Amino acid sequence: MAKKVSVLVAGSWGTAIASVLAENEMDVMLWTRNEQQVTEINTEHRNRRFLNDAMLSPRIRATASMEQAVSEADAVVVVAPSAAMREVASQMRPFLKKETTLIHATKGFEASTLKRMSTVLADELPHYDASKIVVLSGPSHAEEVIKQSPTTVVVASEDAQAAEAAQDLLINNSFRVYTNPDVIGVEVAGALKNIIALGAGLTDGLGYGDNAKAALLTRGLAEISRLGTAMGGNPLTFAGLAGVGDLVVTCTSKHSRNWRAGYLLAQGNPLEDVLRQMGMVVEGVKTTQAAYKLSRDYQVTMPIADELYSVLFEGKSPEAAVEDLMGRGRTHELEEVAKPVQTKWFG
């Protein structure tokens with residue numbers, strides 16, 4: 001009998017994950033609040049707002065009922081925007097069974113609390129074993145996954161069996177899945193790379209070239225690693241799929257919302273206009289605010305994130321931000337090498 005898996009919500013990434021599961025012969029329920037979207041998916045097998053004319057498997061059925069989506073599911077994949085994660089988790093609480101595999105694929109922090117998404121889920125689902133929550137991350141644009149382009153991702157959980165259950169659900173010949181015990185590192189890396197992608201869009205929009213982008217990615221990864229290890233992540237995670245892998249794809253691809261937002265900002269467009277033009281959530285904007293606060297809480301130096309914060313929220317020009325970054329005092333490249341940390345799987 002095919003497993004029943006529900007995906008919440010029906011945005012681009014949620015729909016792409018639903019397609020992977022359908023390809024693996026799962027019966028997939030895709031939840032959305034939008035009744036028109038439900039009708040389009042169920043009758044036309046398309047989700048045009050997010051994935052243009054991509055054809056969806058008839059194994060994917062949409063619903064606006066949270067009870068219908070969650071109550072009989074063997075696994076639930078939550079792909080809500082970070083700002084909506086707590087509300088979605090609260091809605092699913094009455095229907096989620098303790099034995100259901102729970103995965104989230106959202107890259108961001110909760111703006112008001114600075115909490116990671118797995119922590120938000122744990123808050124709202126007190127009956128569920130938080131150690132079994134699984135995080136899905138890595139370099140994976142929905143526009144390519146839906147076409148079954150070769151993609152490699154990582155699933156992380158404190159519980160090895162939970163991670164392997166998620167791996168079994170998702171892995172196939174076009175969607176390769178690795179496991180990792182480092183939930184903190186995977187979540188932090190996935191969230192913070194969006195900040196650097198905004199910066200990459202800015203540098204490209206200003207015409208600064210490949211040298212500048214290479215420097216931005218390299219030093220940006222150093223900042224991500226510093227904060228991530230300070231928060232408890234494993235340094236090796238930042239050299240893996242959730243770290244450098246996701247950073248490269250998000251900073252260099254035409255599919256990246258954060259890159260496009262940065263590019264538009266470099267053209268002189270106000271932030272409010274850019275977000276309106278995008279029509280979809282640009283997680284890097286709120287993540288920049290979160291990183292600005294977290295870096296101070298953990299006393300970690302993040303000059304790129306600080307300058308992007310000034311551009312986004314304090315009216316600083318991108319040119320002035322680059323000038324200040326280049327004019328910083330002399331430092332050693334390995335000035336803050338993180339010490340390795342132990343994780344449960346590694347003893």
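Let me start with Trp259, which is buried in this predicted model, its relative accessible area being 17%. Tyr263, by contrast, is partly exposed, with a relative accessible area of 33%. Both residues belong to helix H12, which covers residues 257-266, and they stand 4 residues apart along it, about one turn of the helix.

How many aromatic pairs does the structure hold? There are 3 of them, and Trp259 and Tyr263 form a stacked pair, because their ring centres are 5.1 Å apart and their planes meet at 25 degrees, where planes under 30 degrees apart count as stacked.

I would now like to turn to another pair, that of Tyr309 and Phe313, which is tilted, with 5.2 Å from centre to centre and 50 degrees between the planes. These two residues lie in helix H15, which takes in residues 303-313, and here too the separation is 4 residues, or about one helical turn.

Finally, please look at Tyr178, where Arg176 lies over the face of the ring, 4.8 Å from the ring centre.

How values were computed
Residues numbered from 1 in each chain as written. Predicted model: local features only at pLDDT ≥ 70, side-chain atom pairs only at ≥ 80, totals over all residues. Heavy atoms only, no water. Phe/Tyr/Trp six-rings, centres within 6.5 Å; stacked < 30°, edge-to-face > 60°. Buried < 20%, exposed > 50% of the residue type's maximum accessible area, 1.4 Å probe, protein only. Lys NZ or Arg CZ within 6 Å of the ring centre and 35° of its normal.
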